[in-house]
Structure formats: structure tokens, C-alpha cells
Amino acid sequence: MNKPARHHHKPIQPDFIKAKKSLGQNFCIDDRIPDEIVSCLAATPEHQVWEIGPGKGALTRRLTETGARMQLFEIDERMREVLTGEFPAASIIWGDFLEIPDAQLPAVDRPLLVCGNLPYYCGTPIIKRFLEKGPQAERLVFLLQQEVAVKAAAPCNHKEYSYLSVHTAFFAKASVGGTYGPGSFAPPPKINSSILILEPLELSADERERRFRALKPASYLFMQRRKMALPLLRRQFAGTDWNERFARLGIDEKARPENISPAQMLELFAPLNEP
Ligand code: SAM
């Protein structure tokens, strides 16, 4: 007997799209997640919302109800029928969000909000791209693996305080929202996911540049987070009187990287009185 003909003419049912692990596809099946993201985002019809990785539209569906103008970025072209069929008013850019050159990103002609249930493999670079290069958003709300969300928002002296915390603090105010277990997704990931809320700081071009300058020495310190910072700096960046700087900023000479706040890192590595 012949095999039954395949019905290519029928619209693809979202349930038939098998999740690709390589694209970090864990589809949301828990209504509390879109509810929380949409409520944190506080979109209005005056906003434009960029959603990274809409997948089958679990979050997009709730976002469209806000009346905001929707811009979607999705890498997986198998979602084309589902997304264009259900969200005809949304504009969609297909491809890897991280590969889109800055000049080809859509124009921002009204207040911008950014969100997404981000794939685990590229959550951090996506956050860094927005914080470092923009476009400047009013607010960004992402669902990420819990560890990354906690690290991004961790304050000085917290056990998760790390380079990502300093990087984030240089460019935004960060806080962690709800945490969701593997059962909120299909297929279930192995780890918990949390919501991260970022409110980018408004920085002048000079101030932004100053913060960039402080990133490299900060990242160097966190590569050896258990060691005392002062001897590390004296060895690696000779030519600066680190003892004097520590004393002036009131930083304990035995401080480890995790005991130095983002504000102190800025003053240590890009002092305001230096050109
Ligand atoms: N928003 C959907 C949801 O909550 O059910 C899907 C979330 S799933 C965790 C991540 C989505 O990001 C997938 O649809 C995946 O195809 C897409 N994606 C993965 N890497 C991407 C990239 N580099 N650029 C744009 N989208 C990407």
C-alpha cells in the first residue's frame, strides 16, 4: 500500500513543530509567565515592543493585546506560518538576532520596550548587546536561566556577585522577578528560569565611554575572584598607585573582587578626574 500523502497545503499546526535543542527551544506552557512579563513591561499603544525569539507566539499573543506596535526577531523559519498567520500586524525579522548589523535594526521612532523568553545559549550576549549598544529601551524584561538572572542583578558581597553583575550595573538597574520550574515549558529544561527586569540608565556618550574603560580591568579581577584585588592589580597594571586609590576610596586593602561595588570599580578603573 502507498504511504498516505502528506498534506503540505494544510497550515502547520504549532504542536507539530518539534523543538530544536540547538536553538534553545523550550516553549512556554504556563500562562503565569506571559502574564508576569506583560505586567512588568507595562506596554501601551504608544510603545513599540521588540520580542526576541517569539517561537510559536506564547508571549506574543499577550503582548499584542496591549496595542503596542510589535517587532519580532526569530531565527527559526518553521515558525513563519504560525507567526505571520496569527500576528499579521507584527513585523518580523528572520535570522540570528546577534548577527543583525546595528545599521539594519529597525528604526526606533517611539518609546521602546524589549522582551523575550530567551534561548539559554545566547541570553547573556543578547543582554550585553542591548546594554552596550542599544537601542536605548525604556525597559527590558527577559526570562532566562535562573543563575544568569540572579548573577545579573546580584549586589556587591552577594555570593553570585560577578562580572555580569558589574557589567549590568554599569548600564542598568536590574531586579529579579518570578522563578519558574521545568514544568512551565515543553520540553522541560533541566534548570529553573527567572524573570530579569532591566531599566537602562540614561548616560551621556562620555559617561558610557568611561564605563566601557572600566569593564576590562573589572573582568580581569573576576577571573580570579577568590584572590585579593590589590596585589592582582599591582601585578597586572603597574604604573598606577593602587594603594593610594584603595585608600582614597576607602576600600579595604584585603578586599576581594566580590567586595568591591560597581561604583567603586568605576572610580578605581576610570577615575572622574582623569581624561
Ligand atoms: N517565546 C517562545 C515561548 O515563550 O514559548 C519561545 C521561547 S524559546 C525558549 C526561544 C526562542 O528563540 C525560540 O523560538 C528560538 O527559535 C528563538 N531563537 C533562538 N536563537 C535565536 C537567535 N539567535 N535569534 C533569534 N531568535 C532565536
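A polar contact, as the term is used in these legends, is a pair of N or O atoms within 3.5 Å, where within protein one atom must be able to donate a hydrogen and the other to accept it, and where residues adjacent in sequence count only if both atoms are side-chain atoms. The model shown is predicted, so that local features need pLDDT of at least 70 and side-chain atom pairs count only at pLDDT 80 or more, while totals for chains, interfaces and linings use all residues. Residues are numbered from 1 along each chain as its sequence is written, and side-chain values use heavy atoms, with hydrogens and water left out.

**View 1. The whole chain.** The chain holds ten helices and nine strands, the helices (H or I, at least four residues) and strands (E, at least two) being DSSP runs numbered from the N terminus. Along its principal axes, the C-alpha trace of the chain spans about 85 × 40 × 30 Å. Of the 275 residues, 46% count as buried, where buried means under 20% relative accessible area, exposed means over 50%, and partly exposed lies in between (1.4 Å probe, protein chains only).

View 2. Of the 21 residues around the ligand, Gln25, Cys28, Glu74, Asp96 and Tyr121 come nearest; a residue is near a molecule or strand if one of its heavy atoms lies within 4 Å of it. By class, the shell around the ligand has ten nonpolar, seven polar and four charged residues, with Ala, Val, Leu, Ile, Met, Phe, Trp, Tyr, Cys and Pro counted as nonpolar, Asp, Glu, Lys and Arg as charged, and the others, Gly among them, as polar. Strand E1 (27-28) and strand E3 (69-74) each supply at least two residues of this shell.

**View 3. Aspartate 96 in its loop.** Aspartate 96 is placed in the loop between strand E4 (91-94) and strand E5 (112-117), and it counts as partly exposed because its relative accessibility is 28%.

View 4. Cysteine 40 is found in helix H1 and counts as partly exposed because its relative accessibility is 21%. Alanine 42 lies in the loop between helix H1 (32-41) and strand E2 (48-52), and has a positive phi of about 50 degrees although it is not a glycine. Alanine 42 counts as partly exposed, because its relative accessibility is 40%. Arginine 139, found in strand E6, counts as buried because its relative accessibility is 14%, and its side chain reaches the backbone oxygen of leucine 41 at 2.7 Å.

**View 5. Backbone geometry at three further loops.** Most residues other than glycine have a negative phi, and most peptide bonds are trans. A cis peptide bond joins glycine 134 and proline 135, with omega about 5 degrees, and proline 135 lies in the loop between helix H4 (123-133) and strand E6 (139-145). Another cis peptide bond joins alanine 186 and proline 187, with omega about -10 degrees, and proline 187 has its place in the loop between strand E8 (185-186) and strand E9 (193-200). Asparagine 157, in the loop between helix H5 (146-153) and helix H6 (163-171), has a positive phi of about 75 degrees although it is not a glycine, and it counts as exposed because its relative accessibility is 53%.
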